[in-house]
Amino acid sequence: ALQCSVANMTAAARAGAAHVLTSEEYDSNPFLDTHEFFDWHGDLPTVLEHVVPSMQVDTLVLNSGLWGELSDVDLVDAVFDVANRTMARTAGARRLWKRTTSRFKCGNGDRRCGRSNWARETIGDLVPLAAATRFGWGVTDASGPTAQLEQDSFADGIHPRPYVYEELN
């Protein structure tokens, strides 16, 4: 079975995937906040059912990232249900819900701003957190510890600095 990895990507594909947006690209990209910006998109239950098994993983970690609150109980339950069925095929498989890190956002509603205008924000994940418990998943909390950090522990308001990730992991 062919596995998706950097080992079987062309050099051009690796370079394209590794591109980091410049601030100009970020600010001027009308598709950044839509699925059209990314190479692929799909609903998570389908990916979990049809892609994850071929990856032969023994640990599945899900989190909401900073995409916003997951509040649709039916969708969240469908995700956890299919993930449980998919991971049941692997003996000793682990399933973890990782609460996402806290972040700072621009207090004036802009996409970019100086640190003096940052406002603390915690991404709500109460629905998937409750589902993780109901479906028997472990929970790793990155939200609580990062909610206590000051601005200088974040590189850009969203991403904690490497030493924070090292401590979390």
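Is R85 buried, exposed or partly exposed? Keep that in mind; the tour comes back to R85.

**Stop 1: the whole chain**

You are looking at a predicted model. Start with everything shown as a cartoon. The secondary structure comes to eight helices and five strands. Trace the elements from the N terminus: they run α-α-α-α-β-α-β-β-β-α-β-α-α. The protein has 169 residues, and 26% of them count as buried. Now think about contacts between residues at least 6 apart in sequence: 71% of these join residues at least 24 apart.

**Stop 2: helix α5**

Select residues 73–87. This is helix α5, with 15 residues. At 1.5 Å a residue it should span 21 Å, and its end C-alpha atoms are 21 Å apart, so the two values agree.

Go to the N-terminal end of α5. D72 caps it. A side-chain oxygen of D72 lies 3.1 Å from the backbone nitrogen of D74.

Next, show the side chains of V76, V79, F80, V82, A83, N84, T86 and M87. These residues of α5 are buried. What covers them? Color α3 (44–50), α4 (52–55), β1 (59–62), β2 (94–99) and α6 (126–134), which are included in the cover.

**Stop 3: R85 and D81**

Stay on α5 and select R85 and D81. They form a salt bridge, with the closest N and O atoms 3.3 Å apart. The two are four residues apart in the helix, so about one helical turn separates them. An α-helix has 3.6 residues a turn, so residues three or four places apart point the same way.

Here is the reply to the opening question. R85 is partly exposed, because its relative accessible area is 45%, which falls between the 20% and 50% cut-offs. D81 also counts as partly exposed, at 33% relative accessibility.

**Stop 4: the largest nonpolar core**

Select L48, L60, L62, F80 and W137. The largest nonpolar core has 15 residues, and these five touch the most other members. The elements giving two or more residues to this core are β1, α5 and α6. Which of them gives the most? It is α5, with six residues. In soluble globular proteins, nonpolar side chains tend to be buried together.

Now center on W137 and show its neighbors. Leaving aside residues up to four places away in sequence, W137 touches L60, L62, F80, A83, N84, R95, L96, W97 and A132.

**Stop 5**

L60 and L62 make up the covered face. T59 and V61 make up the uncovered one.

β1 and β2 run parallel, and four bridges join them. Look at L62 again: its bridge partner in β2 is W97.

**Stop 6: a network around R99**

The structure holds six salt bridges. Side chains of opposite charge can pair when their charged atoms come close. Select R99, D125 and D141, which are linked in a network of salt bridges.

Begin with D125 and R99. Their side chains meet in a salt bridge at 2.9 Å, N to O. This pair links distant parts of the chain: D125 is in the loop between β4 (118–121) and α6, R99 is in strand β2, and they are 26 residues apart.

Move on to R99 and D141. Here the side chains meet at 3.7 Å, N to O. R99 lies in strand β2 and D141 in strand β5 (residues 138–141), so the pair ties together parts that are 42 residues apart in sequence.

Are these residues buried or partly exposed? D125 is buried, with a relative accessible area of 2%. R99 counts as buried at 17%. D141 counts as partly exposed at 35%.

**Stop 7: S102**

Last, select S102. Where is S102? Its place is in the loop between β2 and β3 (103–106). S102 counts as buried, at 0% relative accessibility.

Show what surrounds S102. Not counting residues up to four places away in sequence, S102 touches E121, T122, A142, S143, T146, A147, F154 and I158. Zoom in on S143. Its backbone oxygen lies 3.3 Å from a polar atom of the S102 side chain.

Methods:
Residues numbered from 1 in each chain as written. Predicted model: local features only at pLDDT ≥ 70, side-chain atom pairs only at ≥ 80, totals over all residues. Heavy atoms only, no water. Expected span 1.5 Å × (residues − 1). Buried < 20%, exposed > 50% of the residue type's maximum accessible area, 1.4 Å probe, protein only. Contact = heavy atoms within 4.5 Å. Polar contact = N/O pair within 3.5 Å; in protein donor to acceptor, adjacent residues only side chain to side chain. Core = buried A, V, L, I, M, F, W, Y, C linked by side-chain atoms within 4.5 Å. Pairing = 2+ DSSP bridges. Salt bridge = Lys/Arg side-chain N within 4 Å of Asp/Glu carboxyl O.
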